[in-house]
Amino acid sequence: MKHQRMAGTSQDNFGWSLEEQECYRVSMPEQDSFRLRQELVKALFGLHAKTDEDLSAISDQFGDEEHLVFNRALLPAAGVGEDSFFLNEYLGEGKTLLDFDTLYEYDYDDHCFQEQARKDEAPEYVMKPYRGALYHRWARLFIDGAFHYASLCMAAGYVYSNLDEFGQKKVSMLIPHRYVNAKDHGKREGKGTIFSQRLDAGGKEAQAEELQRRFWDYLSQRFDALLTEFLMVRPARLSMEATAARTIHTRISSLVTRRPYKLCAFGSSCGTAVPRRRSCGTGCSHQSW
């Protein structure tokens, strides 16, 4: 089977133009999508699936290597363009990747959707202007013929995520803690499943939560500043990452000496949780296949 030449499951697919093939890939009927995955599982692993539930059960048993083999074989039948680019994000009802000529157009559209969602949930919310919102969006593509997973991110978001990782490690050093499953974790709610965890800091939960809140407040301020800075300077100027890391190291150390005050678990810094444009339950856009 020559997976690089796979275009879809319709019998006359190869008689279509490239544009028609791509339109079919990004809006493939569920029945055709199932048949495609069904045949791939059989051809690649010798496994048989008669239903979507069977495919889900097989997927749950896969490790990273099996997922890699499967996703690499599937990509030519799902992606668009010469590199078979596939954005592993839910784009909203009636929209496909072909509706956007550039990554900027997708990012701007998603930013507007998110801001409107926040406004709808909290009418007093002041909508923010677009300064680049792309933050670790999952994608798959071929680069020089080799399959790759990709995480797409703005420069400010990239620096932010590294600062966040560094800061979380520092917080854990100052007050050792971990997250454990809460009582309602794993319970079904509608078509989805509740994911709920609580902080365990050996009796210092209040102090750990306060330190985290202050860290998140500071990190939020830095992210806002980074968005503005990268909007005004050339993208190549990424040397500030090391300086920012040193700054946040000093900042977190000083936070511990301040007098704590009572707030809710995550404080106001976490903001209002706005649902992403992704399907829920078994239709999560981040499922492997």
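Guide: Let us begin with a definition: the expected span of a helix is 1.5 Å times one less than its number of residues. Please keep in mind that this is a predicted model. Helix α2 (residues 30-45) has 16 residues, and the distance from its first C-alpha to its last is 22 Å, close to the 22 Å expected.

Visitor: Which residues of α2 are buried, and what covers them?

Guide: The buried residues of α2 are Asp 32, Ser 33, Phe 34, Leu 36, Arg 37, Leu 40 and Val 41. Buried means under 20% relative accessible area. Their cover includes α1 (18-26), α3 (52-61) and α4. After α2 comes Gly 46, with a positive phi near 70°.

Visitor: How many helices and strands does the protein chain have, and what share of its residues counts as buried?

Guide: The chain has eight helices and seven strands. Of its 289 residues, 35% count as buried. The accessible surface comes to about 18100 Å², and 53% of this belongs to carbon and sulfur atoms.

Visitor: Why is the link between Glu 115 and Arg 118 called a salt bridge?

Guide: The term requires a side-chain nitrogen of Lys or Arg within 4 Å of a carboxyl oxygen of Asp or Glu. The closest N and O atoms of Glu 115 and Arg 118 are 3.0 Å apart, so the pair meets the definition. Both residues lie in helix α5 (residues 103-121), three residues apart, and are therefore separated by about one helical turn.

Visitor: What makes the contact of Arg 131 with Asp 224 a salt bridge?

Guide: Their side chains meet at 2.6 Å, N to O, and the limit is 4 Å, so the name applies. This pair links distant parts of the chain: Arg 131 is in the loop between α5 and β2, whereas Asp 224 is in helix α7 (residues 205-232), 93 residues apart. Asp 224 has a relative accessible area of 38% and is therefore partly exposed.

Visitor: Where do Arg 213 and Glu 210 lie, and how are they joined?

Guide: Both lie in helix α7, three residues apart, about one turn of the helix. Salt bridges that share partners join Glu 210, Arg 213, Arg 214 and Asp 217 into one network. The structure holds ten salt bridges.

Visitor: Why does Leu 163 count as buried?

Guide: Leu 163 has 4% relative accessibility, and the cut-off is under 20%, so the residue is buried. Leu 163 belongs to helix α6 (residues 155-174). Its C-alpha atom is 9.5 Å from that of Arg 222, 59 residues apart along the chain.

Visitor: How do you know that β2 and β3 pair?

Guide: Two strands pair if there are at least two bridges between them. Seven bridges join β2 (residues 137-143) to β3 (residues 146-152), so these strands pair, and they run antiparallel.

Visitor: What is the order of the open sheet, and which strands are its edges?

Guide: The open sheet of three strands has the order β1-β2-β3, with antiparallel pairing. The edge strands are β1 (86-87) and β3, each of which pairs on one side only. Two bridges join β1 to β2, which meets the requirement of at least two. The bridge partner of Leu 87 in β2 is Ala 139.

Visitor: Where is confidence lowest, and where is it highest?

Guide: Confidence is lowest in helix α8 (residues 240-255), with a mean pLDDT of 39, and highest in helix α4 (residues 64-74), at 95. For the whole chain the mean is 78. Over residues 1-8 pLDDT stays under 50, as it does over residues 235-289. Where pLDDT is low, the predicted coordinates should not be read in detail.

Terms used
Residues numbered from 1 in each chain as written. Predicted model: local features only at pLDDT ≥ 70, side-chain atom pairs only at ≥ 80, totals over all residues. Heavy atoms only, no water. pLDDT = per-residue confidence, 0-100. Helix = DSSP H or I, 4+ residues; strand = E, 2+ residues; numbered from the N terminus. Contact = heavy atoms within 4.5 Å. Buried < 20%, exposed > 50% of the residue type's maximum accessible area, 1.4 Å probe, protein only. Areas by Shrake-Rupley, 256 points an atom, 1.4 Å probe, with all protein chains shown as cover.
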